[in-house]
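Student: Hi! I have a new structure to look at and could use a guide. Can you walk me through it?

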Amino acid sequence: MKKIYLIFGLLLTLCFASSCLDTKDAATDVKLVTAEEMQSILEMEEVQLVDVRTPQEHEKEHIVNSQNIDFTSPTFDEDISKLDKAKPVILYCKGGSRSAKCAKKLKEAGFEKVYDLEGGISKWKHSDKIKIEVKS
């Protein structure tokens, strides 16, 4: 009888473990994109381009047609709720760490398509694929 309980327990553990492996983490649905891929997405889809840096960083330089939603702002959750969850969102920051955290929050909030610019604006500001507006 103990063997039956042991086997049953192992089967339940195995079933639980395999179902946990099948579920996707919210962050895995975020697509890391290069500047070239981002440009293609911007041309093909109606996209919400979001700079998650501070307003001061955004004012100094930003990708043309981006909107600024500061990831460190106390109103961040309220600000992202104004975005359309059904439309794709491309996020960027200076180097990629803030936008990665923001992307995870957006997926958890139910956004369908979230893209994260690889390396942020720092890596790509000299790329001829992205139009940067610089304020001196």
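This is a predicted model: local features need pLDDT of at least 70, side-chain atom pairs count only at pLDDT 80 or more; totals for chains, interfaces and linings use all residues.

Student: Great. In what order do the strands of the sheet come?

Tutor: The order is S1-S6-S5-S2-S4, an open sheet of five strands with parallel pairing. Strands are DSSP runs of E, at least two residues, and helices are runs of H or I, at least four, numbered from the N terminus. Two strands pair if DSSP finds at least two bridges between them.

Student: And which are the edge strands?

Tutor: S1 (30-33) and S4 (67-68), each pairing on one side only. S1 is joined to S6 (residues 114-117) by four bridges.

Student: Which helix touches S1, S5 and S6?

Tutor: Helix H5 (residues 97-108) packs there, its direction making about 150° with that of S5. Contact means heavy atoms within 4.5 Å; axes are lines fitted to C-alpha atoms, for helices over the stretch in contact, and angles run from 0 to 180 degrees between N-to-C directions.

Student: New topic: how many residues are in the largest nonpolar core?

Tutor: There are 16, and Val 50 and Leu 91 are among those touching the most other members. Such a core is a set of buried (under 20% relative accessible area, 1.4 Å probe, protein chains only) Ala, Val, Leu, Ile, Met, Phe, Trp, Tyr and Cys residues joined through side-chain atoms within 4.5 Å.

Student: Which element gives the most to this core?

Tutor: H5, with three residues.

Definitions and conventions: Residues are numbered from 1 along each chain as its sequence is written. Side-chain values use heavy atoms; hydrogens and water are left out. Buried means under 20% relative accessible area, exposed over 50%, partly exposed in between (1.4 Å probe, protein chains only).
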